[in-house]
Amino acid sequence: MELFDTTQLGLKRAISGAAQRQNVLADNVANANTPGFKPRDVDFHTALRSAFADGRDAVQSASFAESAQDTVVRADGSGVDIDVESAKLSQNALEYQTLLQVSKGRTDILKSAIGVS
C-alpha cells in the first residue's frame, strides 16, 4: 500500500506547476519593457487533468510545458500587457497558497492518524 494517495501526489504536482507558472509570469513582468519580448505561460491544469485520467503513474510523472504568446500589444513588438500579467501573478499566487494549505491539511490528518504530533 502506498503512503500517499493519488490526490496527494496530484497536489504535489499542482504545487510544482503553480511554482513553475509563477516564475514564468514573474519573468514576463520583468521583461515588460523589453522590445519584442513574447510572454510565456504554463498551463499545468490541463496537463494534470489529463494525467489524472491516465492514472497514478501519469500524475506522479506529469510535466508542464511553457507556451509563448504571439500577440503583440505594444508598438515596440512586446506582447506583455503589464496589467494582465500582474493579474495572472496574483491569481496564481493565491492558487499556490491554497494548494499548500490543502496539502498541509491532508498531511496533518495523516500525522494525526498515525499518532505523530
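This passage describes the overall form of the protein and then a few of its residues. The model is a predicted one.

The protein contains 4 helices and 2 strands. From the N terminus, these elements follow the order α-β-α-α-β-α. The radius of gyration is 18 Å, while the globule rule gives 13 Å for 117 residues, so the protein is more spread out than a compact globule. The C-alpha trace spans about 60 × 30 × 15 Å along its principal axes.

Of the 117 residues, 31% count as buried. The accessible surface amounts to about 7100 Å². Carbon and sulfur atoms contribute 56% of that surface. Among contacts with a separation of 6 or more, 73% join residues 24 or more positions apart. Charged side chains number 12 positive and 15 negative. The centres of these two sets lie 5 Å apart.

Asn28 lies in helix 1, which covers residues 6-30. Its relative accessible area is 0%, so Asn28 is buried. Beyond its neighbours within four places in sequence, Asn28 contacts Phe37, Pro39, Arg40, Val80 and Glu85.

One of these partners, Phe37, sits in the loop between helix 1 and strand 1 (40-42). Phe37 counts as buried because its relative accessibility is 15%, and the cut-off for burial is under 20%. Ser78 is 41 residues from Phe37 in sequence. In space, the C-alpha atoms of Phe37 and Ser78 are 4.7 Å apart.

The structure holds 1 aromatic pair. Phe44 and Phe64 form this pair, with an edge-to-face arrangement.

Methods
Residues numbered from 1 in each chain as written. Predicted model: local features only at pLDDT ≥ 70, side-chain atom pairs only at ≥ 80, totals over all residues. Heavy atoms only, no water. Rg over C-alpha atoms; globule rule 2.2 N^0.38 Å. Buried < 20%, exposed > 50% of the residue type's maximum accessible area, 1.4 Å probe, protein only. Contact = heavy atoms within 4.5 Å. Areas by Shrake-Rupley, 256 points an atom, 1.4 Å probe, with all protein chains shown as cover. Lys, Arg positive; Asp, Glu negative; His and termini not counted. Charge placed at Lys NZ, Arg CZ, Asp CG, Glu CD. Phe/Tyr/Trp six-rings, centres within 6.5 Å; stacked < 30°, edge-to-face > 60°.
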